[in-house]
Amino acid sequence: MKRVSLALVFACIVTALAAQTIKVNYQGAKPSISDFAWALLSDYENNAEDTDESTAAMLQAWKKYRKGAALPKNETLTVDKKSGYVVFESTFENQKLRIEMCYWNEADGKHKLIAYNVGLYIDGKYNPGQYDGLFFYRYADATKKMTYLYEAPGFEVQYCTDDGSQVSYTLPRTGKDITMTTWNLNGTTKQKTLKWNGSKFAK
């Protein structure tokens, strides 16, 4: 995946993923991370106007997972229903595509916040690809629908700093907080924790 301008990155992802509302079908008392993932991926397959190579790769892996079929040797898909977390990784030579999903129960007891995070790494360093980004949806128990959020709850998602350093995010498999990593031009990294308070995040 080639590097492109951040404006184009944002435009491509929004076009591919930002359906305003997505119906979530599930069995049992409440939806799991698997239900949220399948709802998002199915909506992408049915409605995306442009091909998002990252989400398309995860979609194919998810279809195999649902059928109990093996993935290619260069791909892994981990579904942790107990923790409400999913991660898909695909490697090719020195590149690794990593896609995460997770959700948080909101304090009002009526909504869930869902995150979808795409990152491309080359030689172990963050190197934004065409479809990289961190995006959020809010699920309402009353409607059984997840709605795309045009703003992150409590903070501004940024992909680079004023000096040109790249910024990536890591979703929590354990705990509730998001890790924000700045990849400085001199090769060093700096991390910040975005703390979840039940409704939004704060630095």
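User: Before I look at details, what does the chain average in pLDDT?
Analyst: The chain of this predicted model averages a pLDDT of 90, and 90% of the residues score at least 70.

User: And where is the pLDDT below 50?
Analyst: That is the case over residues 1-16, a stretch which has 37 contacts in the model beyond near neighbours in sequence. Where pLDDT is low, the predicted coordinates should not be read in detail.

User: OK, helices now. At what angle do α2 and α3 pack?
Analyst: Helix α2, residues 33-47, and helix α3, residues 53-67, pack at an angle of about 125°, and their axes are 10 Å apart.

User: Which residues make the contact?
Analyst: From α2 the contact takes Ser34, Ala37, Trp38, Leu41, Tyr44 and Glu45, while α3 contributes Thr55, Ala56, Met58, Leu59, Trp62, Lys63, Tyr65 and Arg66. By class, the residues of this contact between α2 and α3 are nine nonpolar, two polar and three charged.

User: Switching to the sheet: in what order do the strands run?
Analyst: Four strands form an open sheet, in the order β9-β10-β11-β12, and the pairing is antiparallel.

User: Which ones stand at the edges?
Analyst: β9 (166-170) and β12 (201-202) stand there, each with a single partner strand, so one side of each is left without a neighbour in the sheet.

User: How many bridges are there between β10 and β11?
Analyst: Strand β10, residues 178-183, pairs with strand β11, residues 189-196, over six bridges in the antiparallel sense. Within this pairing, tryptophan 183 stands opposite threonine 189 of β11, and threonine 181 has glutamine 191 of β11 as its bridge partner.

User: What about the hairpin there, which residue takes a positive phi?
Analyst: Glycine 187 does, with a phi near 95°, in the hairpin of β10 and β11, which has five residues between the strands.

User: And over how many bridges do β11 and β12 pair?
Analyst: β11 and β12 pair over two bridges, again in the antiparallel sense, and tryptophan 196 stands opposite phenylalanine 201 in β12. The hairpin of β11 and β12 has four residues between the strands, and in this hairpin glycine 198 takes a positive phi near 105°.

How values were computed
Residues numbered from 1 in each chain as written. Predicted model: local features only at pLDDT ≥ 70, side-chain atom pairs only at ≥ 80, totals over all residues. Heavy atoms only, no water. Axes fitted to C-alpha atoms, helices over the stretch in contact; angles between N-to-C directions. Contact = heavy atoms within 4.5 Å. Nonpolar A, V, L, I, M, F, W, Y, C, P; charged D, E, K, R; others polar. Pairing = 2+ DSSP bridges. pLDDT = per-residue confidence, 0-100.
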